[in-house]
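Me: I've got a model open and I'd like to learn how to read its features one by one. Can you walk me through it?

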Amino acid sequence: PPGQLVAQIVAVACSPPPYQSTDAAVHVELIKLVVEGVVSTDEVHGITLVHSVRACFHVAMFSEGPGSGIARSSAHAALQRVVGSVFERLETDEAEKLSAKVAEAERLARETGEAQEEVANEVCR
């Protein structure tokens, strides 16, 4: 599936040390890849997500040389976007779980009410 491919690409790009000794233009491309991979699919998670955040943080803090200002500001914005996206996913997942629990509780309440009604009818006969 395409999402898993994106996750694999992000994993390879963000595993150390490629981003540690490259120029700012490569850093900017890495940041674009991370943002697109994390925001566009929910397949980037676990250690790949941690490596993605670490790569962005590293570029934001330690990028040097010509063009490093652009790389740093891009990495800073990417960190905000990636972390925001992760929290949005968590909130969505929690809302979906809560919605499923409410639906299950309503179903059980209906079934219990129907069973109580049947017992009451049997008793009244």
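Me: Let's begin with helix packing: how are α2 and α4 placed against each other?

Reply: In general, two packed helices are described by the angle between their axes and the distance between the axes. Here helix α2 (residues 24-40) packs against α4 at an angle of about 10°, and the axes are 9 Å apart. The axes are lines fitted to C-alpha atoms, for helices over the stretch in contact, with angles running from 0 to 180 degrees between N-to-C directions. So α2 and α4 are roughly parallel to each other (under 35 degrees counts as roughly parallel, over 145 as roughly antiparallel, 65 to 115 as roughly perpendicular and the rest as oblique).

Me: Which residues make that contact?

Reply: Contact means heavy atoms within 4.5 Å. From α2 you get A24, H27, V28, I31, V34, V35, V38 and V39, and from α4 the list includes I70, A71, A78, V82, S85 and R89. By type, the residues of this contact divide into 12 nonpolar, 4 polar and 2 charged. The classes go like this: Ala, Val, Leu, Ile, Met, Phe, Trp, Tyr, Cys and Pro are nonpolar, Asp, Glu, Lys and Arg are charged, and the others, Gly among them, are polar.

Me: Before we go on, what should I know about the model itself?

Reply: It's a predicted model: local features need pLDDT of at least 70, side-chain atom pairs count only at pLDDT 80 or more, and totals for chains, interfaces and linings use all residues. Residues are numbered from 1 along each chain as its sequence is written, and side-chain values use heavy atoms, with hydrogens and water left out.

Me: Okay, is S85 buried or exposed?

Reply: Buried means under 20% relative accessible area, exposed over 50%, and partly exposed in between (1.4 Å probe, protein chains only). S85 has 10% relative accessibility, so it counts as buried. You'll find S85 in helix α4 (residues 68-124), where helices are DSSP runs (H or I, at least four residues; strands are E, at least two), numbered from the N terminus. Skipping residues up to four places away in sequence, S85 touches V38 and V39.

Me: And what does R89 touch?

Reply: R89, also placed in α4, touches V38, T41, D42 and V44, again not counting residues up to four places away in sequence. R89 and D42 are 47 residues apart in sequence, yet 8.0 Å apart in space, C-alpha to C-alpha.

Me: What about T48, buried or exposed?

Reply: T48 is in helix α3 (residues 46-62). T48 counts as buried because its relative accessibility is 13%. Leaving aside neighbours within four places in sequence, T48 is in contact with A7, V10 and A11.

Me: How exposed are T112 and C124?

Reply: T112 sits in helix α4 and is partly exposed, at a relative accessible area of 42%. A polar atom of the T112 side chain lies 2.7 Å from the backbone oxygen of L108. C124 and A7 are 64 Å apart in space, C-alpha to C-alpha.

Me: Last one: where does UniProt place the "coiled-coil region"?

Reply: Treat such annotations with care, since they may be inferred rather than shown by experiment; positions are in the numbering used here, and feature names are shortened. The unreviewed UniProt entry puts the "coiled-coil region" at residues 88-115. In the model that span is 100% helix and 0% strand, with end C-alpha atoms 40 Å apart.

Methods: A polar contact is a pair of N or O atoms within 3.5 Å; within protein, one must be able to donate a hydrogen and the other to accept it, and residues adjacent in sequence count only if both atoms are side-chain atoms.
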